Amino acid sequence: ITRLESTDQPLPESAPHALATARASAVFEILLCSGIPSQFALAGMFALAGFTPLVGGRLSFGYIATLLLLDATLLIALIFWLLRRRGEHPRDVFLGWRPVGSEIKLGVGLTIVVFALAVVILSTARMFFPSLHNVKENPLQDLIQTPAQAFILALVATISGGLREEIQRAFIIHRFEQYLGGAHVGLILYSLVFGLGHSLQGWDAVLTTAM
């Protein structure tokens, strides 16, 4: 369709319909891989099995860790299946054409920048807009009661908050780049939704994670 639009030839009658179908399919895939349907589905299965998120009025460490790990596994598998279904290669989407070694070096360097930026934004928000700090204690931090739990949660965060979110973000921005207005539109919208997903931790956390 892009090639046809770049010429002086009129579009075939079926082209607008095909583009609308592709866009609708892309929106459906993005919503499906947003993490919301999969977590609701897993939470429903847990409820049927009698596995509850609260123990003694507090979040259950086992529940949260299991939910995040299973959700990461399910979501990554779903994304790979959707790519294969369209005849796309996951390596092209997630690694691209740049040399992997130089990308790893760049990623390690940017990790320091991102953490520094997060500290600056969070500190600035709490200093000048203290009302944004509406959650005094992070409920996820309260899950950690022992060194073993700290290690397990770090592992869960690496898989669920690192690997899964990077694959998820790459896939969603890829679909925006293809059908929904470009990668920059996808980056902005995804960042806003990603920030709002941390509202449980307070509005200052929403601002920091979105940025």
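**Helix burial and nonpolar cores in a predicted model**

Student: Which residues of helix α9 (residues 203–210) are called buried, and what makes them so?

Tutor: In this predicted model, Asp-204, Ala-205, Val-206 and Thr-208 are the buried residues of α9. The term applies because each has under 20% relative accessible area.

Student: What do the buried residues of α9 pack against?

Tutor: Their partners are α6 (100–128) and α8 (183–196).

Student: Which residues of α4 are buried?

Tutor: Among them are Phe-61, Tyr-63, Ile-64, Leu-75, Ile-79 and Leu-83. Just after α4, Gly-87 adopts a positive phi of about 80°.

Student: Which members of the largest nonpolar core touch the most others?

Tutor: Of its 14 residues, these are Cys-33, Ile-79, Leu-83, Phe-171 and Ile-172. At least two residues of this core come from each of α4 (61–85), α7 (147–179) and α8. The largest share, 5 residues, is supplied by α4.

Student: What makes Ile-30, Cys-33 and Tyr-190 contacts of Ile-172?

Tutor: Each counts as a contact because it has heavy atoms within 4.5 Å of Ile-172. Neighbours of Ile-172 within four places in sequence are left aside here.

Student: Which residues does the second core include?

Tutor: This separate core of 10 residues includes Leu-42, Phe-46, Tyr-63 and Leu-143.

Note on methods. Residues numbered from 1 in each chain as written. Predicted model: local features only at pLDDT ≥ 70, side-chain atom pairs only at ≥ 80, totals over all residues. Heavy atoms only, no water. Buried < 20%, exposed > 50% of the residue type's maximum accessible area, 1.4 Å probe, protein only. Helix = DSSP H or I, 4+ residues; strand = E, 2+ residues; numbered from the N terminus. Core = buried A, V, L, I, M, F, W, Y, C linked by side-chain atoms within 4.5 Å.
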